[in-house]
Amino acid sequence: MTGLSFDVAHVLAGGLVLVSFILLYQDRMYPLIRVFALQAVVLSLSVAWQAFIQNAPHLFITATIALGFKAIVIPVALHRIVHRLGIHRMVEPVVGMGPTMLFGIGLVALSIGVMLPVTAQASTLAREDLAFALAVILLGLLMMVSRHNAVSQVVGFMSLENGLILAASGAKGMPLVVEISVAFSILIAFIVIGIFLFRIRERFDTVDLQALQRFRGGQR
Amino acid sequence: MAIIADLLVQGAQMLLVLLLAPLLTGFVRKVRARLLRRQGPPLIQPYRDLLRLIRKEVVVADGASWLFRAAPYLIFAAIWVAASLVPTFAIDLIFSWSADLIAIVALLGSARFFLALAGLDVGTSFGGIGASREMMIAPLAEPAMIMIVFTLSLLARSTQLSFVVAFMSGPDVGLRISVALSLVALIMVALAENARMPVDNPATHLELTMVHEAMVLEYSGRHLAMIELAAALKLLLYVSLISAIFLPWAMAVAGQGIEAYVIGLAVYLAKLVLAGFMLAVFETSIAKMRVFRVSEFLGTALMLGLLGTLLLFVSRNL
Amino acid sequence: MDLIAILVLVAALLALGVLAILLTRQRAATPIVYGGSLVLTALALSLAIHHLLFSAGAEQRLWLPLGLPWLGSYFHLDSLAAFFLIVVDLGAVAASLYAIGYGRHDASPGRVLPFYPAFLAAMNLVVLADDAFTFLLTWEFMSLTSWALVMARHREEGNARAGFVYLAMASFGTLALLLAFGLLAGSTGAYAFDQIRAGKHEALLASLALGLAILGTGSKAGLVPLHAWLPLAHPAAPSHVSALMSGVMTKVAVYGFVRIVLDLLGEPLWWWSMVVLALGGISSALGVLYALMEHDLKRLLAYHTVENIGIIFIGLGLALAFRSNALGLSAALALTAALFHVLNHSLFKSLLFFGSGAVQVATGQRDMERLGGLIHRMPFTAFTFLVGATAISALPPLNGFVSEWLTFQSILVSPQLPQWALKFFVPAVAALLALAAALAAACFVKAFGVTFLGRPRTAAAAAAHEVDRFALAAMFGLSALCLLAGIFPGAVIDAIGLVTQPLVGAQMPAQLGEAWLSIIPIAASRSSYNGLIVFVFIGLAVFASTYAIHRWASRAVRRSPAWDCGFPDPAPQTQYTAGSFAQPIRRVFGTLVFRARERVTMPLPGDASPARLEVRMRDLIWEVFYEPIWGAVGFLADLLNQLQFLSIRKYLSLVFGVLVLILLVLALWQ
C-alpha cells in the first residue's frame, strides 16, 4: 500500500463522512436531495478507487450501480415526488441544529474509538474504511432519528446503506457485493414508493389518483 | 556579524508588513470595484488616506477618557507585533521562536479587547452595539482556532510557526483531508476576525449592520489612521498565516543568502495577489449574514476543526 | 526552623483575634488588627518563600500534644505546603493592607475584626496540617470563621440566606472529607498522613475516596454543580474578605484536592482524570456564562472564580491522566500549569475584588447598571481594575496568558495518551477551555466598560471619589505582581518545579537559563513563549508610533460632543447597559444553557405606554440539583416533625420498640 493510494482512499472516505455531516445540516428539501446525490457520487468514487487498488473489477460494477441508481435515478425520483406532493420545504430538526451537529461529532469519535482498537489485526486500509463506514452509518441513523419529515428519514436510511457499501468494499474478498447492492437498491426503491403511498393514503384515505385530483383544486 | 544580518532581516520583515498592508487592502478594493463594473480607487489610495488622516486634527468626544486616546496605539502595537512574527518570505528568523500560534491569536485578542473598550468609552449606543457584537463573535471564533491549532500541532508536533511551515512544505504531509478541513475552517475564522463578508461589511454605511465600523465610529484623525492601519495589518496577518501554512513553498530559510530572500519575497507577493483576488471574488459573490447567523457560520468552522482533528487521529494511528 | 516560626506566627494571629474582641470599641482597633495581620502574614510569607527557594523544599515535621489524646497533632512543611503558604499569605498581606483603609468604612467592626485574623490563621493551619484530624479541625475552623465574616452584615437583604446556604454546603463538604479520610485511614485508625501514604489502597476504596474528596474539596473550591453557595456568600462578605474567600480560600480547597489525590492516594487510575477533566471543563464554561448574565459586580467576580477553578481542575485532571500513564514530564507540565494558575488567580481575583470594594465604598452601588464614567472620578482604581481585567482575560503579556498557554501546551501533548476515551475527550475539553477564555474577555469588557467607561448613569456614580492610599497601595502592588509574573514566568515555573518533583516524580526543564528569558515547556522545537520580548516589542511599537506621529503629523486635539452618527443624545440612559451588552451572547449560548427567553410587548400605534422587554432565565443547576434535595429534606423533616406531638403512651411505646430492636439485633449478631 503506497502512501499516495492510501491517502486518496483516506480523502474519499473522509469526504464521505463530511458529506454525511452536510446532509445532516440541510434544512431544505431540494438541497437535501442534491447533497444525497453528491454523497452517492463520492461513494462511487471511493468504491472505484478501492477497485483500482485492490484489483477487484467487480467493485467497478458496484461503483457504477451506486452512481446510476443512487446518484441519478433515486434523487430524480425523489425530486419529482417532492415536487408533486408539494411537501413542506423546510425540515425542522427535533432538538436544534447545534446540539445535533455536536452529537454527530460525538458519534464520529465513538465509531473511531470503537473500530480502531477492535480491528488491530486487519490492514490499515480496511481499518480506516470500517471506522469511517460505521461513522456514516451512525450519522445516517441520527438523521433518521432527528427529523420530523418522512423524506429526510428515507434519505437518512439510504445514506446509512451507503456506509454499508463502503464497509463492504473496504474489506477484501466479497464477491457477492454486486448482487447485494442491486438487491438493496431495488428494495430501497420499493420502500420509498411504499412509504409515499402509505402517506398519501393516510392523508387522503385513498391513493386513487382520480380522487386526489379533486383535492388539488383549480384543475378539474 | 551574522547576528546583525539576522536582525536586519527581521527588521525588514517588520517594515515589510507595515508597508504592504495598505497595498493589500487597496488591491482587494480595486478588484471588488472592477468586478462590480466600477473603476474603483487607485491601488495606493489607502496610503493617501492614511497620510491625510494623520495630518488632521483629532476630535475627541467630551466624555472620552485617556483609554480612548491610548487605545489606538495599543491596538496598533499588538497587531503589528503579531503580524511581524508571522513568517512572510522567510522562516527561522531571529525572533521566530517567539512566534507561537497561540501567542499570536492571543495578541489579536488583546487588540480586540482594547478596541471593544474604546467602543464603550464614549458612551454612545453605536459603540456599545459594535463592542457587544464583536464580543459575541470572538468566543465563537476562538474554539475553532484552537481546533485548527490542535490539528496542526498533531501534524507538525509543534505550535511554533517556523516548524509548522517547515513540516507543511516537507514530504511528510501527504494528501490529508484534515488539512483541507483545517484550511476551510481557518478561512472562515479569518473572515470573521477581519470583519469581512459574510460576517461584516467593511464598506457599509448603515450603522446597524456594522460590527467593526461601529466600534471606531467616534475616532478621527491620527487615531483613525492607526486603527485603519491596524485593521489592514490584521488582514495581512491572516493572509500571510494561511499562505505560510497551506501554501508553504518557496519560502527562504534564514541564512540562505540574498537570492533566496528575493525569491521568497517575489513568491510571497504572488501569494498576496492570489489571496487578495480570491477574497474580492468571494466577497462580491456572497451577501452579508444576519448577525445571529454568524454563530452558525462559526459553529460550522468549529465542527470542521473538530472533524479534522478526529479524522487525523484515524490516519495517524494506523 | 521555619515550621515552628510559622506556627508561632499563626498563634500570634489567633491572639490578635482575641485582642480584637477586647478592643472593639476603640477607634484604633481597625488599624491595629489589620496592621498586625499585615505584619504577621508578611513574616509568614517570607518564611515560606525562604523555605521553598532556599531550603530546596526539605521537609520539616512537628508533633504537638494537642487534639485527640492518642493521636496528637502533626504538622509538616514541604514544598507543596510552602507554595500554598506563599499563595495564602500573599493574598493575606494584600487584603490586610487594603483593609487598613477600607476597614474604616465598616459599620460594625466588632463583627469583622475578631474573625479576620482567625480566618487567616485557619487557612495557614490547613496547609500545614499533617494528619486527618488536624486537617478537618482546621478546615472547619476556616469555614466557621469565614461564615462569621459573611454574616457580618446580616441585616442586609439576602445575606442571611447566603450565610445559611454557605454553612449547609460547608458542612456537607466537611462530611464528605470526613468519610474520605475515614476510608483512607481504614479500621486501624491510621489518621496521620504518613500512615495513609504508606498504606496500600485497593482500587475501589481509592476511587470512593477520590469521589468523596472531589465532593469535599470541590464544594469549597466551587466546582459545578457544588458552586451554588459561591455567588451568594462571596459578595455578602466585606470586600477584603471576599477577596480572601475567592482568591485564597478556594486555593486552600485546591491544596486539599492536590494533597489527597496526588499525594495520599498513591498511583492514580486513568479514568479518574476523565471525571476531573469533565468537572473542570463544565465549570469553566458554565461559570463564565453565569458571570456574563450578572449585573452585580461582586456576583460576577464570584462566578468568574468558578470558571478559573475549572481551568485549574482541567490542569489537575491532565496531570492525573499523564501520571497514571507514567508520562512524568507531561504530568509535571500539566501540574505546573495548574499551580501557576493558582498563583495567578489569587493575584488578579484579589485585585478585582479590591477594585469592586473601592467602587462600592465610593458610590454605595454594586450594580453595574447604576455606575458608569468612574474612570474620570477614580482614575487609579480604574487603572488597576483594567490591569486585573486584562490579566484575567488571559491576554499577553500579563500573567493570565502564561498559565493558560501552559495549559494549552499540556493539552497539545495529550495525543500520546494511550486510552482512546482520553484521546477524544481532551480536544473537547480544549474547545471548552478556549470558549471559556474568550467569554472571560467578553465578560470583563462588559464589567470594566459598563462600570468605569461611558457616562455616569446615576448621581451616585457622578459623585464618586478616589479611595484611600492603603487600598491603592494594595491594588498597585498586585498589579505589579501580575505584570512581573507575566514577563518573568521562568522564575515562577522553576519555583513550582520544586513542588511538582515529589508529586509526579518529574519537573519541567529549568527555565531560567533559556535565551532571552523565554519559557520552553517541552523542547525548543515544539513551542516557546517569551513574555518579556512581547512586552518590550509592544512597548517599542507604542513608543515608535507615538514618536513618529507626534513628530511628523498633527498633534492637535479638539473636544466636542460625541458624533454618534449625527444623533447625539446627552442622556446617559442611551448608553449600552450590562444587559444589552450581554444580549448577543445570551441569545447564542443562553437559550440552551439558561433557557433564556426574551419577550417584547410593543404597544399599539397611538398608545403612549412604554414597550416592555422581558428576559426570563432559569438556573438549571439550582432547579435540578438543589431544589429536589431541599424538597426532600423538607419532606423528611415534616415527617419527623410528627415525633414532636406524640402522646405519652406513644413515646413509651417508641422507647419500648427501640429496646426490643436492639435486643433482637444482639440476638441475631451472636
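How many residues does the contact take from chain C, and how many from chain B? This tour of a predicted model begins there and then moves through the three chains.

**Stop 1: where chains B and C meet**

Display chains B and C together. The contact takes 70 residues from chain C and 70 residues from chain B. On the side of chain C that touches chain B, several elements each supply at least two residues, among them helix H14 (374–377), helix H16 (399–412), strand E3 (557–560) and helix H23 (583–593). Now select H17(C): with 14 residues, this helix provides the largest share of that side.

**Stop 2: the largest nonpolar core**

Next, select Ile75(B), Ile79(B), Val81(B), Leu117(B), Leu233(B), Leu236(B) and Leu307(B). The largest nonpolar core holds 428 residues, and these seven touch the most other members. Helix H17 (residues 420–452) of chain C gives the most to this core, 25 residues. In soluble globular proteins, nonpolar side chains tend to be buried together.

Centre the view on Leu236(B). Leaving aside residues up to four places away in sequence, Leu236(B) touches Val17(B), Leu20(B), Ala21(B), Leu24(B) and Ala83(B).

**Stop 3: helix H5 of chain B**

Select residues 125–156 of chain B, which form helix H5. Is H5(B) mostly covered or mostly uncovered? It is mostly covered, since 30 of its 32 residues are buried. Select Arg157(B), which follows H5(B): its phi is positive, near 55°.

**Stop 4: a pair of helices in chain C**

Move to chain C and select helix H11 (residues 270–292) and helix H12 (residues 297–324). These helices pack at an angle of about 160°, with their axes 7 Å apart. Because angles over 145 degrees count as roughly antiparallel, H11(C) is roughly antiparallel to H12(C). The crossing in which H11(C) passes H12(C) is left-handed.

Keep H11(C) selected. Its 23 residues should span 33 Å at 1.5 Å a residue, and its end C-alpha atoms are 34 Å apart, which agrees. Of those 23 residues, 17 are buried, so H11(C) is largely enclosed by the rest of the structure.

**Stop 5: chain A**

Which elements does chain A have? It has 8 helices and 0 strands. Buried residues make up 39% of its 220 residues. Among contacts in chain A between residues at least 6 apart in sequence, 70% join residues at least 24 apart.

Key. Residues are numbered from 1 along each chain as its sequence is written. Chains are lettered from A and ligands numbered from 1 in the order in which they are written. This is a predicted model: local features need pLDDT of at least 70, side-chain atom pairs count only at pLDDT 80 or more; totals for chains, interfaces and linings use all residues. Helices (H or I, at least four residues) and strands (E, at least two) are DSSP runs, numbered from the N terminus. The expected span of a helix is 1.5 Å times one less than its number of residues. A residue is buried if 20 or more other C-beta atoms lie within 10 Å of its own, exposed if 12 or fewer, and partly exposed in between; C-beta atoms are placed from the backbone. A nonpolar core is a set of buried Ala, Val, Leu, Ile, Met, Phe, Trp, Tyr and Cys residues joined through C-beta atoms within 7 Å. Two residues are in contact if their C-beta atoms, placed from the backbone, lie within 7 Å. Axes are lines fitted to C-alpha atoms, for helices over the stretch in contact, and angles run from 0 to 180 degrees between N-to-C directions. Angles under 35 degrees count as roughly parallel, over 145 as roughly antiparallel, 65 to 115 as roughly perpendicular and the rest as oblique. A crossing is left-handed if the near helix is turned anticlockwise from the far one by less than a right angle, and right-handed if clockwise.
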